[in-house]
Amino acid sequence: MLHQSGSFSTIEDRTSLVEGVSARSSGDLVVEPIDHERTHLMFIVQECAGADCLETLIAVSEGYLRPHQLLDLQQLRDEWNAAMILSDADWRLLRTELESLRLANLHDLYRRTVPYEFRPPPSYCVDPWRVFAHLVGLNGGTDRVPPCMLFLWLVADLLPGSKAVALQGILARLVQKWDIAGAFQRACSGLTRTTVGRRWDPTLLIAIDFDRPGFFSVISWTQWASDQQFKRGRDRIAPKAGLEMAVQEIVASAEAQWPSGYGKLRIEFLLPLDLLNLPVEQWSKEMDPDDGPIQLYKDYPVVVRSLDRIRDLRRRRVWHQRWNTLHESPESAQWLPSGGPLHSLLEEISRDERIVTMILSEPPPGSSDGAAREIRIAIHTGVPIVIWHRTEAPASPFYELIESLIVGGGMADLPDRASKLRITTSMNEDDRGVGQGLVLLWDDPSRLPGEFGSTTSDR
């Protein structure tokens, strides 16, 4: 762009440019004069990039360039900044995906990402790619989270499964590179304040229960809008080894029926106590010829639910009472980790109606019956949300993760937050880290087919 402007055709012009930048920056730039204009300007730009004074170079160039040339130069500066933080493959992927994306709320996303910035983005920021590249050059907040990452997180939330996964993968690599996993989770949690009931997600319910020795019943229902009834699908009987395939067929059928224009599908597995720890979110949705199995969690939020609770009609009232606490004032909702078999868990929960979430002391059903006892207490007291680590007793990193997920009223949209966390599992040190091991039992009493006896009188 500097070359095309025609303003730096002589060595004297280019030397004057270097001197102008040096005068405004903290140190002298050393660029040997070269007769070849393009090569000389390239060395000047490289030197300014290395000295972190590209912005100064643009400011000095302002007096030499026409307005449209200056805007083009600023845009190139932004893309240079993006190239400094991204690998070549990620840079190309992001540019391809974001440049073609058209968002009606682009400036709103920008303002949510940088609430301290009162000016709109530059006029050349006409698509998500240019906004992202511009944000790369802005400083992060007190938690060291760059605004460009928050913007990318918001955009990924608007994209379909495979595209969202690609963007989340880039985010995960940047989070790991800069070692800001906790700060990033807290910052993302602060971007939304969704309360339960303000939106309705299309729902696929899949109930898996014991049928006869060695075989299980698999029943499904779909509900596409809040004013529609649940529609029951074809019942199936399958051995344990065939459960994943049965679920794969059910999901494929639901996708074929999914009306256009509806929101993001949520998959909820209704399971008895002895099956609650089935790794359902890891089950394959389909087979990609290049990447192999695509797990359910990569395309959809996946939660489990308690069939034992749903069938216990005596506990419906306290269940609704706790859920209403979450619905009406999510910012006051409380969570409680179980202290194990000696913990007076029942008494502590019964004393505080704000407790809507329990953390199990071990995976269910539990070698010492601890987790089974804790789930029975959750059902008895109406606690609608239960969280555990799939393979081990929770340790400090797991509790820190839960705290980052629910900060600022985030308990109200845990299914979405847990889904994003699973996708960005490489934020942890290993592929089976605390985020990937998280299991969420999310029992919304309003999301039940009629055959389970869910009525407004229960509330």
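Trainee: Is H134 buried or exposed?
Mentor: First, this is a predicted model, where local features need pLDDT of at least 70, side-chain atom pairs count only at pLDDT 80 or more, and totals for chains, interfaces and linings use all residues. Residues are numbered from 1 along each chain as its sequence is written, and side-chain values use heavy atoms, leaving out hydrogens and water. Buried means under 20% relative accessible area, exposed over 50%, partly exposed in between (1.4 Å probe, protein chains only). H134 has a relative accessibility of 13%, so H134 counts as buried.

Trainee: Where is H134 found, and which residues does H134 touch?
Mentor: Look in helix 8, residues 128–136, to find H134. A contact needs heavy atoms within 4.5 Å. Not counting residues up to four places away in sequence, H134 touches D78, Y110, P122, Y124 and C125.

Trainee: Y110 is in helix 7 too, so to speak of its partners: which residues in helix 9 does helix 7 meet?
Mentor: Helix 7 covers residues 106–113 and helix 9 covers residues 147–156. From helix 7, the residues that take part are L106, L109, Y110, R112 and T113. In helix 9 they meet P147, L150, F151, L154 and V155.

Trainee: Why are helix 7 and helix 9 described as oblique?
Mentor: Angles under 35 degrees count as roughly parallel, over 145 as roughly antiparallel, 65 to 115 as roughly perpendicular and the rest as oblique. The axes of helix 7 and helix 9 are 9 Å apart. The pair is oblique because the angle between these helices is about 135°.

Trainee: At what angle do helix 2 and helix 3 pack?
Mentor: Here helix 2 spans residues 11–24 and helix 3 spans residues 37–50, with axes 11 Å apart. Helix 2 is roughly parallel to helix 3, and their packing angle is about 5°.

Trainee: Which residues in helix 3 does helix 2 meet?
Mentor: On the helix 2 side, look for R14, L17, V18 and V21. Their partners in helix 3 are E37, H40, L41, I44 and C48.

Trainee: What percentage of the protein chain counts as buried?
Mentor: The protein chain has 18 helices and 12 strands. Of its 459 residues, the share that counts as buried is 54%.

Trainee: What is the mean pLDDT of the protein chain?
Mentor: pLDDT is the predictor's confidence in each residue, from 0 to 100. In this chain, 83% of the residues reach 70 or more. The mean pLDDT is 81.

Trainee: Over which residues is the pLDDT below 50, with 16 contacts beyond near neighbours in sequence?
Mentor: Where pLDDT is low, the predicted coordinates should not be read in detail. The stretch you ask about, with its 16 contacts in the model, is residues 426–432.

Terms used
Axes fitted to C-alpha atoms, helices over the stretch in contact; angles between N-to-C directions. Helix = DSSP H or I, 4+ residues; strand = E, 2+ residues; numbered from the N terminus.
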